[in-house]
Amino acid sequence: KANRSKRRPKKKRPALDLIGKPCPTFSLETLEGIRVSNAELEFHPATVLNFFAPNCPYCKRQIPKVEKLRGEYESRGIRFVNISQKMKKTYTPDQVQEATTAMGSNLELAIDSGNKIGRRFKVTGFPCLFIVRPDGVIDHVIAGNKKNIREVVGEKLDGILLRETGAEPTIAPSSSTPKQGVE
């Protein structure tokens, strides 16, 4: 047909291929000098690695949602780390810290100079959040700023905590199924 609507092909998210696979080898240091690497994964029931860019508009909407999750799960041993990436513009560590503070984030913060670690995790867009189990296996990946990120990540973390510690869920399941999508 001549008047077919032109649809943009759905973007391939290579990071999603890592679900159920061992976490790529990585090692970073937070701005506070605390190590974030494969070796530290075993000390937490789960580690949430959130790759973002300070100048990414979707990240600016996603990071406050992740901060709320941190507030609910950090006391239960879940580690949350924002990993800053470069997107067209290079930021100094102070500028990255300033940007995340403006977004309301208190997550640990590491800077991946040159996006080397991001490439290992197959990050091709921002934000890109990984939930990694203590055995080093990637449990879940969320590419983009999903409206229901709190529910999805909360459900995954509750499942991990239940398996690891027998702890009760933090977020009660909602009565309706939220729609997935990028804001």
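Ile111 is found in strand S5. Helices (H or I, at least four residues) and strands (E, at least two) are DSSP runs, numbered from the N terminus.

What does Ile111 touch, leaving out residues up to four places away in sequence? Its partners are Leu28, Glu29, Leu31, Ser84, Pro93 and Val96, where contact means heavy atoms within 4.5 Å. Ala53 is 58 residues from Ile111 along the chain, and their C-alpha atoms are separated by 9.9 Å.

## A note on the model

This is a predicted model, where local features need pLDDT of at least 70 and side-chain atom pairs count only at pLDDT 80 or more, while totals for chains, interfaces and linings use all residues. Residues are numbered from 1 along each chain as its sequence is written, and side-chain values use heavy atoms, with hydrogens and water left out.

## The cores

In soluble globular proteins, nonpolar side chains tend to be buried together. A nonpolar core here is a set of buried Ala, Val, Leu, Ile, Met, Phe, Trp, Tyr and Cys residues joined through side-chain atoms within 4.5 Å. The largest one has 32 residues, and those with the most contacts inside it are Leu49, Phe51, Phe121, Cys128, Phe130 and Ile138. Strands S3, S4, S5, S6 and S7, plus helices H1 and H2, each supply at least two residues of this core. Apart from it lies another core, of 17 residues, among them Ala46, Phe80, Ile131 and Leu157.

Back to Phe51: not counting residues up to four places away in sequence, its contacts include Ile83, Ile117, Phe121, Cys128 and Phe130.

## The S6–S7 hairpin

S6 and S7 form a hairpin with 5 residues between them, and Gly136 in the turn has a positive phi of about 85°. The two strands pair in the antiparallel sense over 5 bridges (pairing takes at least two bridges found by DSSP). Phe130, for one, has Val141 in S7 as its bridge partner. Because 6 of the 6 residues of S7 are buried, this strand is largely enclosed by the rest of the structure.

Cys128 is buried at 2% relative accessible area, and Cys59 is buried at 0% relative accessibility. The closest cysteine sulfur to that of Cys128 is in Cys59, but at 9.8 Å it's too far for a bond.

Conventions. Buried means under 20% relative accessible area, exposed over 50%, partly exposed in between (1.4 Å probe, protein chains only). A disulfide is a pair of cysteine sulfur atoms within 2.5 Å.
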